Amino acid sequence: MLLSASFAAPPAAAFDLFGIHLWGERKSDEDVLEIADPLTYSAEIRAPEDVKKTVENASSLWTNQETPAAGKAGLLSKGRGDYRRILGALYTEGYFGAGVSIRLGSAEVADLTLASELPPEPKVIITVEPGNRFRFGRAEIVNAPPQVVVNNEEFDTPASVGYAPGEEAKTSAIDAASKQAVGQWRQLGRAKARESGRDVIANHPRQTLDSTLTLEPGPVVRYGTVTAQGSERIDHDFITYMADLPRGEVYDPEEVADARDRLSQLGAFDSIRLNESDLLSNDGLMPIGITVEDRKRRGIGFGGTYSTIDGLGLSAYWLHRNLFGRAERLRFDASIEGLISSSSWKDYNYNFGATFTKPGVFTPDTNFTTSLVASQLDYDTYRQTSITGQAGFSRQFTRSLSGELYGQISKARYEDDFGKRNFFTFGLIGRGAYDRRDNEFNATRGYYLAAELLPYYEADYGNFAARGTLEGRAYHGFGEEKDVVIAGRLKVGSFVGSSVEETPPDILFFAGGGGSIRGYAYRSIGVDTVNSDGETVVAGGKSLAEGSAELRWRFAGNFGAVGFVDAGFVNAGSDFMDDSDLRIGTGLGARYYTSFGPLRLDVAVPLDKRPEDDAFGVYIGIGQAF
């Protein structure tokens, strides 16, 4: 079983988790708002099934019936407001000839007064006759934006959001068409585009809706002076530099969103607001003000993992968010893994590292990072003691495309079936990623591509070698809410250069574990080979191919289920042509969806169980498996 969690320590105040009080002062009963003259009531909705849910969601009487009303006045106020709320919800769905009746006994709520007599626990009957759904007779936009290609994507048409003759006349479609058209004008540099008029006429005999939206595009706008305020610790010129909105360039809402993202990724601010001035200069320049609120300079965090195969792991970090006034970050990490699964400290995995990051080097989208990590790792297939240093740059080229390039030096000692060996390596690490997923932790559509290349020189044996990997993930959701998703992952890798005996095991390929082939221990799948003593042992391979397929189903609001299959092999040769055993793990999972991502529980079994393999593995974490 794998359990993973991480959090930063909050201020010393009251803290509850999932309704359980953990620390701090409890809220007293005096903190709870009391209802004067409480009046208990019940509500019933009588409506066709196709609109009943819409009415339930709109009705205050229905949604709040577990809470007593504030006397007779409160109950009548809720009822009178429900006429408007229910009709508005039905208009949103295209029902413009609906009838709504809200009765207390034999009287309409609208006709009752505070002098009217009510029974002790009244029952409210809400009756809705929606009539037929109207359709658009006319759906027009005056001063509509031209249908052009911006950022390699063609503008969507109003029909794509249901705003077209013959379509169901939902007011939500009118709102969506207006928002879409205004947004498209903004993408063409018209930052002050707005809807200036809306003419909507319902033709009841024909059951049609004629709609005309009038837009005011405004002039083409260019960036004016960008200023920053609010921070007491970060240099204001650095904030405007990181926003990267050059004076005189044509306004682009995506550039403004990118500016906000860059500032957010600094990790130095609790809040960030970019305020576009309502007033333009005579030459069409728009000043932009950036208002930020500083976060605390320092933070700590903790994490944990638990696996029936790999044991208990604990981790912690300490972080300084702003060393020298330009959001430079210094972070120390420490972890220990393998607790409980072994009673000997020699069998545990230890990691301790320090990382320094300087943002905005050369360009606002480029970071410099250097790190030093010391590790002792004990796997089924080898034992490693190492110290590794890295330094290099990462850059976000576009919202989807990113890249990294680092130099690396590593001194390591390994113990495995080949004996004890020392390695001293000098290398480069290049990584690139193209991410078109709609959500990093719970994707329902899109794809993700990643590549890594590690060429290096190993000094103790005098070898040049290189390792490369390619990985792709794809997601396709079905239905309007994307409640059913098919997800797939494929990864391949190849190593060329030195022999297995003269290569650090962590550079060779192994498979198995939660991010690879579930049901098998982490890095336990390798290649059967013969060591210098003539014994058959498991070693790393020179090529790897593995993939996963999942069918994800979300139901009952926040709950979900998953069926999955993982498969892969590790090959002795670099060209995937040698014989190798295909390992397959399969299983079922459960999900609980939260605002920060799904909580994941997977149970997997190895279909080709070896004597050293467990019968099953349980994995718990945050976010989907891939």
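**Entry 1: two loop residues.** I began with Asn143, which is partly exposed at a relative accessible area of 41%. This is a predicted model, so I kept in mind that local features need pLDDT of at least 70. Asn143 sits in the loop that runs between β10 and β11 (149-150). I looked up its backbone too: phi is near 65°, a positive value in a residue other than glycine.

I then turned to Ala556, where phi is near 50°, again positive in a residue other than glycine. Ala556 belongs to the loop between β31 (543-555) and β32 (559-571). Is Ala556 buried or exposed? Its relative accessibility is 62%, and over 50% counts as exposed, so Ala556 is exposed.

**Entry 2: the sheet that holds β10.** I found an open sheet of three strands in the order β10-β14-β13, with mixed pairing. Which strands stand at the edges of this sheet? They are β10 (135-142) and β13 (194-203); each has a single partner strand, so one side of each lacks a neighbour in the sheet. Direction ignored, neighbouring strands here are turned by 10° against each other on average.

I followed β13 to its partner β14 (residues 208-216): the two pair in the antiparallel sense over nine bridges. Within that pairing I noted Arg198, which stands opposite Leu213 in β14. Helix α4 (residues 171-187) packs on this sheet and touches β10, β13 and β14. The direction of α4 makes about 20° with that of β14.

**Entry 3: aromatic pairs.** I wanted both numbers here, since a pair of aromatic rings is described by the distance of the centres and the angle of the planes. The count comes to 21 aromatic pairs. I looked at Phe136 and Tyr163, whose ring centres are 5.3 Å apart with planes at 75°; over 60 degrees counts as edge-to-face, so that is what this pair is. Phe136 is in strand β10 and Tyr163 in the loop between β12 (153-154) and α4, so the pair links parts of the chain 27 residues apart. Phe136 is buried at 3% relative accessibility, and Tyr163 is buried with a relative accessible area of 2%.

My next pair was Tyr414 and Phe423: the centres lie 5.6 Å apart and the planes are at 70°, so this one is edge-to-face as well. Tyr414 counts as buried at 2% relative accessibility, and Phe423 does at 1%.

**Entry 4: charges over rings.** I also checked for arginines above aromatic faces. Arg437 lies over the face of Tyr448, at 4.4 Å from the ring centre. The charged end of Arg554 sits over the ring of Tyr593, 4.2 Å from its centre.

**Entry 5: the nonpolar cores.** Which residues touch the most other members of the largest nonpolar core? Out of its 26 residues, they are Leu75, Ile86, Leu90, Ile102, Val124, Ile126 and Val128. At least two core residues come from each of β5 (42-46), α1 (49-58), α3 (71-92), β7 (99-104) and β9 (123-129). The most come from α3, which gives six.

I took Leu75 as my example: setting aside residues up to four places away in sequence, Leu75 touches Leu39, Tyr41, Leu61, Ala69, Leu104, Leu118, Pro122 and Val124. I also noted a second, separate core of 25 residues, with Ile234, Leu266, Ile288 and Val292 among them.

Entry 6: Four strands form an open sheet in the order β5-β9-β7-β8, with mixed pairing. β5 and β9 run parallel and are joined by five bridges, and Arg46 stands opposite Thr127 in β9. Helix α3 packs on this sheet, touching β7, β8 and β9, and its direction makes about 165° with that of β7.

Entry 7: I finished on β35 (residues 617-622), where five of six residues are buried. It pairs with β34 (residues 597-606) in the antiparallel sense over six bridges. In that pairing, Val618 of β35 is the bridge partner of Val603.

Technical notes: Residues are numbered from 1 along each chain as its sequence is written. This is a predicted model: local features need pLDDT of at least 70, side-chain atom pairs count only at pLDDT 80 or more; totals for chains, interfaces and linings use all residues. Side-chain values use heavy atoms; hydrogens and water are left out. A nonpolar core is a set of buried Ala, Val, Leu, Ile, Met, Phe, Trp, Tyr and Cys residues joined through side-chain atoms within 4.5 Å. Buried means under 20% relative accessible area, exposed over 50%, partly exposed in between (1.4 Å probe, protein chains only). Contact means heavy atoms within 4.5 Å. Two strands pair if DSSP finds at least two bridges between them. Axes are lines fitted to C-alpha atoms, for helices over the stretch in contact, and angles run from 0 to 180 degrees between N-to-C directions. Rings of Phe, Tyr and Trp (its six-membered ring) pair if their centres lie within 6.5 Å; planes under 30 degrees apart count as stacked, over 60 as edge-to-face and the rest as tilted. A charge sits over a ring if NZ of Lys or CZ of Arg is within 6 Å of the ring centre and within 35 degrees of the ring normal.
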